[in-house]
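Subject: Structure for your files

Hello,

The structure we spoke about is below. My notes on what was found in it follow.

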Amino acid sequence: MPVITGARSVLRPATALAAIFLALAAVSAPGPAHAADGTGTVAEALRKSPVYVDPRAEKQLSTADADALAKKIEDADRPVFVAVLPESAEFPQATLLKDLRALTGVTGVYAVRLGDGFNAATDGQVMSRDAVANLKGAARRSSPEDAGAQLNSFVEQALLRADGSAPSSWAADGGDDSGTGLLVAGGVVVAVGAGAYALHRRSRKKKEERERTELEALRVVVDEDITAFGEELDRLGFSPSEPGATDDMRQDYTRALDAYDRAKTQMAEATRPHDVQQVTGTLEQGRFTLATLAARRGGDPLPGHRLPCFFDPRHGPSASDVRWAPEGGAPRPVPACAADAARMADGGEPQSRMVDTGHGRQPYWNAGPAYTPWAGGYFGGGGGGMLGGLLVGTMLGSVISAPSAFAATGAPAEDLPDGGDFSGAGFNPADFGSGFGGGDSGSDFGGGDW
């Protein structure tokens with residue numbers, strides 16, 4: 001069992017007193033007895049480490065891979081729990097996730113590989129049920145025969161979406177006897193106040209570092225978009241003084257130039273990934289203006305304001321809708337430029353926008369949630385519904401179910417709900433589903449659907 005040390009919860013001033021009493025109770029009472037049943041054993045292990053692999057399931061996930069996965073979770077400081085278990089009567093599918101959550105007693109995201117099946121659930125304050133259902137579906141479609149790849153795929157996305165911090169119990173292995181417990185308790189009381197603020201600062205720093213990394217990755221992509229737009233302006237070769245130029249043409253050209261300059265300024269001033277949305281929104285407006293100018297200049301009918309080409313917004317406004325499905329997903333209509341629509345009509349593949357990821361070059365819809373604001377600016381991300389419909393079944397689509405996917409919350413970090421808190425059995429069982437036969441719906445975690 002991989003046990004990772006050094007993780008801590010973020011303790012806010014409002015919860016510091018509760019933490020003190022919990023710490024006093026923990027150190028002045030005998031350590032918990034070793035659970036007699038299989039689920040209890042797993043729960044006890046998850047209180048000490050984010051990843052547990054049953055000895056009978058070690059062929060599914062090696063010790064080295066389990067340790068690496070546990071370290072990834074600990075480094076992200078998020079309450080994500082993973083168990084790899086054999087199919088056994090000890091682990092009843094109908095109640096396994098609820099039982100694990102109740103016995104572990106810590107709010108978080110729980111993922112279980114049971115034999116060849118996979119399931120996951122969450123406390124509502126840590127992540128929305130829709131988001132977990134979408135992530136679960138994406139994980140099931142990605143490498144279902146490879147437990148390590150499947151679990152890493154789920155965990156990587158869950159860490160980016162989960163609220164709260166890792167439970168402090170991951171940092172403590174075992175308890176003190178009652179003779180020394182009171183001495184330790186005194187130290188806890190003295191240290192917890194100062195420690196809470198320090199841990200809070202550490203959590204905020206990690207978040208800021210993650211946002212800086214995401215913003216720099218987005219900056220590369222957006223700079224390419226801005227450059228491509230500038231090249232379109234040059235290729236158009238319009239001059240306000242050319243023969244046949246009208247006031248409407250000149251106004252279109254001025255608006256396009258303004259969009260180009262404004263996008264450069266907005267990107268230079270961006271400080272958070274969310275700021276990218278306004279940049280790509282400006283570029284989308286600029287490209288539509290260019291299409292309008294080209295139509296006026298050629299004497300063609302003015303285009304309607306359609307969404308950009310789904311496959312690569314640099315292609316400009318779409319000309320029609322085509323049927324498309326992501327790998328393993330259901331077909332749906334998506335907007336496409338004339339060139340991509342023609343390629344698909346001939347049985348070919350569209351020219352999709354590829355971006356760099358930790359797993360090599362991928363289409364932007366498989367590049368993870370950092371690209372949500374980038375796509376949102378192009379496809380109207382104010383509410384997420386339109387883009388979510390286009391991307392359902394993809395990695396990016398799996399994180400667009402929550403309204404906060406597109407908009408930065410106005411609440412300060414210290415007011416956001418926290419995960420990793422001790423709540424014992426006082427959790428909402430509806431978050432973990434009442435049964436296991438409901439498939440991937442957000443209201444039922446499909447417990448039997450392994």
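**The β7–β8 hairpin**

Two residues link β7 to β8 in a hairpin. The two strands, β7 (residues 354–357) and β8 (residues 360–363), run antiparallel and are joined by four bridges. Met-354 has Pro-363 of β8 opposite it. Strands here, like helices, are DSSP runs numbered from the N terminus (E, at least two residues, for strands; H or I, at least four, for helices). Two strands count as paired if DSSP finds at least two bridges between them.

**Basis of the model**

This is a predicted model, in which local features need pLDDT of at least 70 and side-chain atom pairs count only at pLDDT 80 or more, while totals for chains, interfaces and linings use all residues. Residues are numbered from 1 along each chain as its sequence is written, and side-chain values use heavy atoms, with hydrogens and water left out.

**Overall**

The protein has twelve helices and eight strands. Of its 450 residues, 48% are buried, meaning under 20% relative accessible area with a 1.4 Å probe, protein chains only. The accessible surface is about 20000 Å², and carbon and sulfur atoms account for 54% of that; the areas come from the Shrake-Rupley method with a 1.4 Å probe. Among contacts (heavy atoms within 4.5 Å) between residues at least 6 apart in sequence, 69% join residues at least 24 apart.

**The sheet**

An open sheet of mixed pairing is formed by four strands in the order β1-β2-β3-β4. Its edges are β1 (51–53) and β4 (117–122), each of which pairs on one side only. On average, and with direction ignored, neighbouring strands of this sheet are turned by 10° against each other. Helix α3 (residues 63–76) packs on the sheet and touches β1 and β2, its direction making about 160° with that of β1. Angles run from 0 to 180 degrees between N-to-C directions, and axes are lines fitted to C-alpha atoms, for helices over the stretch in contact.

Within the sheet, β2 (residues 80–85) and β3 (residues 109–114) are parallel and share six bridges. Phe-81 has Tyr-110 in β3 as its bridge partner.

**Helix pairs**

Helices α8 (residues 247–269) and α9 (residues 276–298) have axes that come within 8 Å and cross at roughly 160°. α8 is therefore roughly antiparallel to α9, a label used for angles over 145 degrees.

Helices α5 (residues 129–141) and α6 (residues 147–161) pack at about 155°, with axes 9 Å apart. So α5 is also roughly antiparallel to α6. In this pair the crossing is right-handed. From α5 the contact uses Val-132, Leu-135, Lys-136, Ala-139 and Arg-140, and from α6 Gln-150, Phe-154, Gln-157 and Ala-158.

Helices α2 (residues 38–46) and α4 (residues 96–104) cross at roughly 50°, their axes coming within 8 Å. α2 passes α4 in a right-handed crossing. Among the residues in contact are Val-42 and Leu-46 of α2, and Leu-100 and Leu-103 of α4.

Regards

Key:
Buried means under 20% relative accessible area, exposed over 50%, partly exposed in between (1.4 Å probe, protein chains only). Angles under 35 degrees count as roughly parallel, over 145 as roughly antiparallel, 65 to 115 as roughly perpendicular and the rest as oblique. A crossing is left-handed if the near helix is turned anticlockwise from the far one by less than a right angle, and right-handed if clockwise.
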